Amino acid sequence: MQVHGINVVPTISWSDKESYDWCFDGEPKYGVVAVSSVGCMNNEEKKQMFMDGYKEMIKRLEPETILFYGNVPESCSGNIVNIKSYIQKRFGKD
């Protein structure tokens with residue numbers, strides 16, 4: 001799509017620390033990225049894995065802007081543009 005002049009925003013996702021090299025490899029530095037917290041905030045272990053990966057993404061990619069789908073944990077940093085999930089829009093939940 002980029003070859004044809006369409007702006008593409010990569011969605012960044014990860015699992016555990018062993019996935020980081022593969023997950024962040026080839027992603028643009030200093031650009032716009034998208035992440036989602038949907039489905040990974042329902043227990044402490046998942047929250048911690050999300051935050052560990054988020055911090056690593058910030059360190060490795062240094063994104064200019066982060067399009068964040070879902071609830072934004074207070075400990076997330078960066079130039080975040082929050083995009084509410086369907087359930088947040090539908091039921092007014094944060």
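In what order do the elements of the protein chain run from the N terminus on? The answer is α-β-α-β-β-α. That makes three helices and three strands in the protein chain. Before I go on, please keep in mind that this is a predicted model.

Overall dimensions, then. Along the principal axes, the C-alpha atoms fill a box of roughly 40 × 30 × 20 Å. Of the 94 residues, 31% are buried. If you take the contacts between residues at least 6 apart in sequence, 48% of them join residues at least 24 apart.

Now the surface. The protein chain exposes about 6,500 Å², and 51% of that comes from carbon and sulfur atoms. As for charges, there are 11 positive and 13 negative ones, and their mean positions lie 8 Å apart.

How many aromatic pairs does the structure hold? There are six. I will go through two of them, both involving Trp 14.

Start with Trp 14 and Phe 24. The ring centres are 6.1 Å apart and the planes stand at 45°, so this pair counts as tilted, the class between 30 and 60 degrees. The pair links distant parts of the chain: Trp 14 sits in the segment before α1, whereas Phe 24 belongs to helix α1, which covers 20–24, and the two residues are 10 apart. Are these two residues buried or exposed? Trp 14 has a relative accessibility of 16%, so it counts as buried. Phe 24 is buried as well, with a relative accessible area of 4%.

The second pair is Trp 14 with Phe 50. Here the distance is 5.4 Å centre to centre, with 35° between the planes, and this pair is also tilted. Again distant parts of the chain are linked: Trp 14 comes from the segment before α1, Phe 50 from helix α2, residues 44–61, and 36 residues separate them. Both Trp 14 and Phe 50 are buried.

Which residues form the aromatic cluster? Trp 14, Tyr 20, Phe 24, Phe 50, Tyr 54 and Phe 68 form one cluster.

Notes:
Residues are numbered from 1 along each chain as its sequence is written. This is a predicted model: local features need pLDDT of at least 70, side-chain atom pairs count only at pLDDT 80 or more; totals for chains, interfaces and linings use all residues. Side-chain values use heavy atoms; hydrogens and water are left out. Rings of Phe, Tyr and Trp (its six-membered ring) pair if their centres lie within 6.5 Å; planes under 30 degrees apart count as stacked, over 60 as edge-to-face and the rest as tilted. Helices (H or I, at least four residues) and strands (E, at least two) are DSSP runs, numbered from the N terminus. Buried means under 20% relative accessible area, exposed over 50%, partly exposed in between (1.4 Å probe, protein chains only). Contact means heavy atoms within 4.5 Å. Accessible areas come from the Shrake-Rupley method with a 1.4 Å probe; for residues, only the protein chains shown count as cover. Lys and Arg count as positive and Asp and Glu as negative; His and the chain ends are not counted. The place of a charge is taken as NZ of Lys, CZ of Arg, CG of Asp or CD of Glu.
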